[in-house]
Amino acid sequence: MNLEEQQTTAQRAVLVGLNCSAHSAQEYNATDATLAELRSLAETAGAEVVGIVTQNRVTPDPKTLVGEGKAQEIGEFVKNTQAQLVIFDNELTPSQIKNLEAAVGVQVIDRSMLILDIFALHATSREGKLQVEMAQLKYTLPRLMGRGTELSRLGGGIGTRGPGESKLEQDRRHIKTRVSLLRAQLEENRKNRAQQRKSRDVSGMPKIAVIGYTNAGKSTLLNALTGAGVLVEDKLFATLDPTTRKLKLANNYEALLTDTVGFIRNLPHHLIEAFSSTLDEVRFADLLLHVVDVSNPDLYDQMEVSQKLIEQLGAAHVPVIVVFNKADLAAPQEIPNMRDSIAVSAATGAGLDELLERIYRKLSEREREIQVLIPYDQGALLEGIFREGKVSAQEHRENGTYIKLRADEALAGRLQDFRID
């Protein structure tokens with residue numbers, strides 16, 4: 001099946017979820033919400049879901065995860081529905097994949113492989129493609145061990161496509177070499193991003209990162225606030241490449257607003273590692289806008305997933321405004337009343353003016369009052385003070401201009417050598 005046929009012919013897929021009473025871990029807790037999300041992921045990847053199978057066990061079966069009898073039952077279901085693919089909501093080991101494929105007779109992938117496939121479909125920039133390929137290869141390499149001739153079937157359909165598909169058919173040693181090369185290229189990208197971030201720091205403008213669960217409306221919000229023109233689709237992970245735009249606030253105050261890749265439960269750790277340079281925008285931000293789809297019945301679980309990932313990225317110290325988006329689709333009593341939160345609709349514009357005011361006030365909290373004496377030959381610095389600071393007093397003196405102002409950390413740092421307070 002070529003790429004054009006993949007895009008026009010949906011693969012028929014069966015979804016499988018496992019509940020284990022002896023495990024409280026989320027990976028063994030298939031609920032209506034997690035299976036609905038798995039369906040959305042599968043449809044985003046281009047699959048037609050023809051059925052869902054769940055299994056309750058005390059513990060996972062080490063050979064097939066769901067048990068031999070259940071695996072055979074899934075095989076019968078696959079035959080009856082003419083399915084071509086089985087997608088597990090739980091992560092599978094290489095041996096489990098091999099045993100399950102022997103039992104069901106079609107290709108078997110897990111949630112992580114499905115997410116990697118979606119990222120491969122949506123990556124457009126060179127860096128994004130490198131990041132996805134790196135994650136694919138690192139995730140797939142241990143799953144190639146012992147599969148030999150089975151590699152010949154890789155490269156067609158969900159779970160096998162993307163920037164790395166041709167590499168998967170090469171010798172494992174070549175894959176490891178490719179991973180090393182990708183790591184070096186991504187490290188170079190990280191250095192370039194760090195340099196860009198340093199340049200933005202010199203500008204003195206505060207940095208705001210838009211974060212949140214996938215499909216919460218982050219790109220729509222960025223467009224509504226800045227007119228960025230970012231592609232908006234009602235699909236999971238529609239946006240992978242970060243977009244940064246200037247945000248104009250009150251009193252000629254400006255900030256840099258950056259859209260980031262969406263979060264999701266059980267996000268493959270190889271993806272987090274590969275996308276670390278772009279996710280650094282979260283860690284180095286001065287403010288986070290945590291966008292939540294308030295119309296989603298699973299919103300509290302999604303908020304918890306996002307919060308854990310914020311902590312995992314080392315950004316727990318960054319101030320947050322929780323933006324309950326899609327408020328036009330929720331009843332007023334369904335919108336949580338939390339500290340540092342606001343209800344908006346990025347689609348209709350409702351609440352956006354108040355959000356801008358909240359952002360301005362939050363960033364203003366970073367400011368402190370200082371006094372400086374600027375030499376007369378530092379005209380450019382003086383212009384920056386009036387552009388970025390809030391001047392309350394000014395006086396021309398013999399050896400320079402005395403100024404009393406409120407400045408954020410970036411501006412105050414640049415003025416350190418001229419302070420007299």
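This is a predicted model: local features need pLDDT of at least 70, side-chain atom pairs count only at pLDDT 80 or more; totals for chains, interfaces and linings use all residues.
The side chain of Glu133 forms a salt bridge with that of Arg178, with a distance of 2.8 Å from N to O. Glu133 belongs to helix 6 (residues 126-144) and Arg178 to helix 7 (residues 172-203), so this pair ties together parts that are 45 residues apart in sequence.

## Further salt bridges

Side chains of opposite charge can pair when their charged atoms come close. The count of salt bridges in this model comes to 20. One of them joins the side chains of Glu37 and Arg265, at 3.1 Å from N to O. This pair links distant parts of the chain, 228 residues apart: Glu37 is in helix 2 (residues 32-44), while Arg265 is in the loop between strand 7 (254-259) and helix 9 (269-274). Both Glu37 and Arg265 are buried.

Another salt bridge connects the side chains of Glu254 and Lys246, at 4.0 Å from N to O.

In soluble globular proteins, nonpolar side chains tend to be buried together. The largest nonpolar core of this model contains 67 residues, and those with the most contacts inside it are Ile74, Val86, Ile87, Phe88, Leu114 and Phe237. Helix 5 (residues 111-122) supplies the largest share of this core, seven residues. The core lies between domain 1 (3-166) and domain 2 (204-364), because both domains give residues to it.

Apart from its neighbours within four places in sequence, Ile74 is in contact with Val16, Val53, Val66, Val86, Phe88 and Val104. A second, separate core has 24 residues, including Ala216, Leu257, Val323 and Val344.

## Positions listed in UniProt

Which residues does UniProt list for "binding site"? The unreviewed entry lists Ser219 and Thr239. Ser219 is placed in helix 8 (residues 218-226). Is Ser219 buried or exposed? Ser219 counts as buried, because its relative accessibility is 10% and buried means under 20%.

Notes:
Residues are numbered from 1 along each chain as its sequence is written. Side-chain values use heavy atoms; hydrogens and water are left out. A nonpolar core is a set of buried Ala, Val, Leu, Ile, Met, Phe, Trp, Tyr and Cys residues joined through side-chain atoms within 4.5 Å. Buried means under 20% relative accessible area, exposed over 50%, partly exposed in between (1.4 Å probe, protein chains only). Helices (H or I, at least four residues) and strands (E, at least two) are DSSP runs, numbered from the N terminus. Domain bounds come from an automatic or database domain assignment. Contact means heavy atoms within 4.5 Å. UniProt positions are given in the numbering used here, feature names are shortened, and annotations may be inferred rather than shown by experiment.
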